[in-house]
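Welcome, and thanks for taking a look at this one with me. Please have the sequence and the 3D view open as you read.

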Amino acid sequence: MSSRRVGQHDRESLPAAPGWCAGRSDDGWFHHMDGWDGGWMWFWGTLMMLSWVVIIAGAMWLLMRSRADSGSSRARDILEERYARGELTTEEYRERLDNLT
């Protein structure tokens, strides 16, 4: 009997590594970052965080803008209703309409 444990292989018994395994080292791990020490990871992490900040800020800006527009159009609607009921003169209506825009 062999003194090797089940699953233990020597280097010669392993099949040739396919192209996607070309970076395999002697210890069986893939050291694709060797020599870099993650040198660019700070850049990509920062870029990802900035991207999320821009996306969230843009969404908030769009929400605030749509709410501001709806408030202005609501004020214009109320002004038109008051003018139609005769509560405002033409001068008052035009003056207040100019103040809204």
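1. A word on the source: what you see is a predicted model. Please keep that in mind as you go through the points on individual residues.

2. Let's begin with the overall picture. The protein has 101 residues, of which 6% are buried. Its secondary structure consists of 2 helices and 0 strands. The accessible surface is about 9400 Å², and carbon and sulfur atoms account for 61% of that area.

3. Next, the salt bridges: how many turn up in a search of the whole structure? The search finds 2. One joins R82 to E87, with 3.0 Å between the closest N and O atoms. The other pairs R85 with E87, where the closest N and O atoms lie 3.2 Å apart.

4. Finally, have a look at the charged surface. E91, E92, E95 and D98 form a negative patch there. One of them, D98, sits in helix α2, which covers residues 90–100. With a relative accessible area of 55%, D98 is exposed, because that value passes the 50% cut-off.

Conventions:
Residues are numbered from 1 along each chain as its sequence is written. This is a predicted model: local features need pLDDT of at least 70, side-chain atom pairs count only at pLDDT 80 or more; totals for chains, interfaces and linings use all residues. Side-chain values use heavy atoms; hydrogens and water are left out. Patches are made of residues with over 30% relative accessible area and no salt bridge: like charges are joined within 9 Å, nonpolar side chains (Val, Leu, Ile, Met, Phe, Trp, Tyr) within 5 Å. Accessible areas come from the Shrake-Rupley method with a 1.4 Å probe; for residues, only the protein chains shown count as cover. A salt bridge is a side-chain nitrogen of Lys or Arg within 4 Å of a carboxyl oxygen of Asp or Glu. Lys and Arg count as positive and Asp and Glu as negative; His and the chain ends are not counted. The place of a charge is taken as NZ of Lys, CZ of Arg, CG of Asp or CD of Glu. Helices (H or I, at least four residues) and strands (E, at least two) are DSSP runs, numbered from the N terminus. Buried means under 20% relative accessible area, exposed over 50%, partly exposed in between (1.4 Å probe, protein chains only).
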